[in-house]
Structures are given as C-alpha cells and as structure tokens.
Amino acid sequence: MTPTPVVLGPGDVPAVQELFLDDGGYCLRVHGHPPRPDQAERLFAALPPGKTAADKYVLGLREHDVLIAVLDLVRGYPKPEVAYVGLLQVAVRARGQGMGRCLHEHAVALATAWPEVERLRLSVVDANLSHASRFWEGLGYTPTGEQRPWHRGDGGTAWMSQWERTLLTAAP
Ligand SMILES: CC(C)(COP(=O)(O)OP(=O)(O)OC[C@H]1O[C@@H](n2cnc3c(N)ncnc32)[C@H](O)[C@@H]1OP(=O)(O)O)[C@@H](O)C(=O)NCCC(=O)NCCS
C-alpha cells in the first residue's frame, strides 16, 4: 500500500508522540535525553525567530492509518528565499523503505508552490552526522561549511552543520 501524505495538526499530537517514543535513539543522540512526554507538542509549538504558525507545516505519511513519518518545514527561514526542514523522522520499523525520501518529495512539492523559495536548508547535529549525512547527500544536499552551536535539551552544547540544496535540483 502506498503511504498517504498528510498535513498534520494539533489533533495528531498523540500519533506523532507515539512515533517519537520509538525513535531508535535519535532523541538521546541529538537532544541528550530520551523523548519527553510532551515531545510532539513541542514540535507543533516550536518556531524559529521571526516566524509565525502560518509559516510552519508539519507533514506526515500514513500507512494503514498509522503515522510512519513526520517532517516539519518552515517557509522563509532564515531568509525569504529559503525553506527550512526542521525535522524528518521515520518510524524505526519503516526505515530503509524509501519513506524518508518520499516524505521529503512531498515537502519539495509544497515548497515549489512558494514562488520566493529557491533553496532548502537543514541542520545536522554532529552526533547524528554518521546516521544522516549519506541520506541527505542522496537527496541532493551538501554542507554549506557553516557550523552553529546546538543547545541540547540536557543543557549541553554541541555543534550542528548547515546543509542546503536548490529546491528544484534533481537528487543525484
Ligand atoms: C534518516 C532517516 C530519516 C532516513 O529515512 P529512511 O526512510 O530510512 O530513508 P529512505 O529509505 O527514504 O532512504 C533514502 C536513501 O537514503 C539512503 N539512506 C537512508 N539512511 C541511510 C543511512 N543511515 N546511511 C546510508 N544511506 C542511507 C537509502 O539507502 C536510500 O538510498 P537510495 O534512494 O539511493 O536507495 C531515518 O533513518 C530516521 O528517521 N532517522 C532518525 C531521525 C534522523 O536522524 N533524522 C535526520 C535528522 S538530521
């Protein structure tokens, strides 16, 4: 069955939370703590500086009515011509089956409707580089060379690299 792309809203918090709870260690690696009881609520509430809820889209993939992947996309951050991928997470049992690529393609399609957007951007926390860099390279992203501090949820500080691709460049 082909998964169905959906735009998620606050009513989907329980489904997103369920996906977050079984994350294969992602939250611990990146945030320094296991998923919190309000991890999904935080996803819907979080906004980068200067952005409003109208700029943020939380997308998902459902298979047999079960949420198997989630991605958040912010229009016009950090610049009007950039859309920012804040998170892409696939349920552990659905990984390695093209779901991450599939949901990312839906995000590309959404951003393509925004005439001012030319590029997609995301951050990869250093501790997650070995898990995610080949995935992002496969989708056409390359590091910009910028490093930014990442303030982890456990109070620690790490580094994250910035990655970009042009919106319409076909992935290699
Ligand atoms: C990273 C993640 C989103 C990938 O999702 P996925 O559904 O397993 O990836 P896909 O099956 O769509 O893979 C797409 C391509 O990337 C490759 N790929 C995926 N994960 C990879 C890995 N860890 N190492 C190397 N290649 C990888 C696949 O082989 C595939 O290549 P192909 O299209 O040429 O066959 C998923 O592993 C995940 O949710 N990880 C935890 C959260 C996370 O780290 N998110 C990224 C934050 S920066």
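# Close-up views of a predicted protein–ligand model

**View 1. The shell around the ligand.** The ligand is surrounded by 18 residues, and Val90, Arg95, Gly100, Arg101 and Arg134 are the closest. A residue is near a molecule if its C-beta atom, placed from the backbone, lies within 6 Å of it. The elements that give two or more residues to this shell are E4, H4 and helix H5 (129-138). Helices (H or I, at least four residues) and strands (E, at least two) are DSSP runs, numbered from the N terminus. H5 gives the most to the shell, with 5 residues. By class, the shell holds 7 nonpolar, 8 polar and 3 charged residues. Here Ala, Val, Leu, Ile, Met, Phe, Trp, Tyr, Cys and Pro count as nonpolar, Asp, Glu, Lys and Arg as charged, and the others, Gly among them, as polar. The model is predicted: local features need pLDDT of at least 70, side-chain atom pairs count only at pLDDT 80 or more, and totals for chains, interfaces and linings use all residues. Residues are numbered from 1 along each chain as its sequence is written.

**View 2. The whole protein chain.** The protein chain has 5 helices and 7 strands, in the order β-α-α-α-β-β-β-α-β-α-β-β from the N terminus. Its radius of gyration is 15 Å, close to the 16 Å that the globule rule gives for 172 residues, so the protein chain is as compact as a globular protein of that length. The radius is taken over C-alpha atoms, and the rule is 2.2 Å times the number of residues to the power 0.38. The C-alpha trace spans about 40 × 35 × 30 Å along its principal axes. Of the contacts in the protein chain with a separation of 6 or more, 61% are between residues 24 or more positions apart. Two residues are in contact if their C-beta atoms, placed from the backbone, lie within 7 Å.

**View 3. The largest nonpolar core.** This core has 34 residues, of which Val16, Ala69, Val70, Leu71, Leu73 and Val85 touch the most other members. Elements that give two or more residues to the core include helix H1 (13-21), helix H3 (39-45), strand E3 (66-75) and strand E4 (82-90). The largest share, 7 residues, comes from E3. A nonpolar core is a set of buried Ala, Val, Leu, Ile, Met, Phe, Trp, Tyr and Cys residues joined through C-beta atoms within 7 Å. A residue is buried if 20 or more other C-beta atoms lie within 10 Å of its own, exposed if 12 or fewer, and partly exposed in between, with C-beta atoms placed from the backbone. In E3, 8 of the 10 residues are buried, so this strand is largely enclosed by the rest of the structure. Residues up to four places away in sequence aside, Ala69 touches Gly60, Leu61, Gln89, Val90, Ala91, Ala94, Met99, Gly100 and Leu103.

**View 4. Ala40 in helix H3.** Ala40 lies in helix H3. This residue counts as buried because 24 C-beta neighbours lie inside 10 Å. Pro14 is 26 residues from Ala40 in sequence, and their C-alpha atoms are 7.5 Å apart in space.

View 5. Strand E1 (residues 4-8) pairs with E2 in the antiparallel sense over 5 bridges, and Val7 has Leu59 of E2 as its bridge partner. Two strands pair if DSSP finds at least two bridges between them. E2 and E3 are also antiparallel, with 8 bridges. Across this pair, Val58 is bridged to Asp72 of E3 and Tyr57 to Leu73 of E3. E3 and E4 pair in the antiparallel sense over 7 bridges, with Leu88 of E4 as the bridge partner of Leu71.

**View 6. The turns on either side of E3.** The hairpin of E2 and E3 has 2 residues between the strands. His64 lies in the loop between E2 and E3, with a positive phi near 50°. Asp65 lies in the loop between E2 and E3 and has a positive phi near 70°. His64 is exposed, with 8 other C-beta atoms within 10 Å; Asp65 is exposed, with 7. The hairpin of E3 and E4 has 6 residues between the strands, and Gly76 there takes a positive phi near 75°. Pro78 is found in the loop between E3 and E4. A cis peptide bond, with omega about 0°, joins Tyr77 and Pro78.
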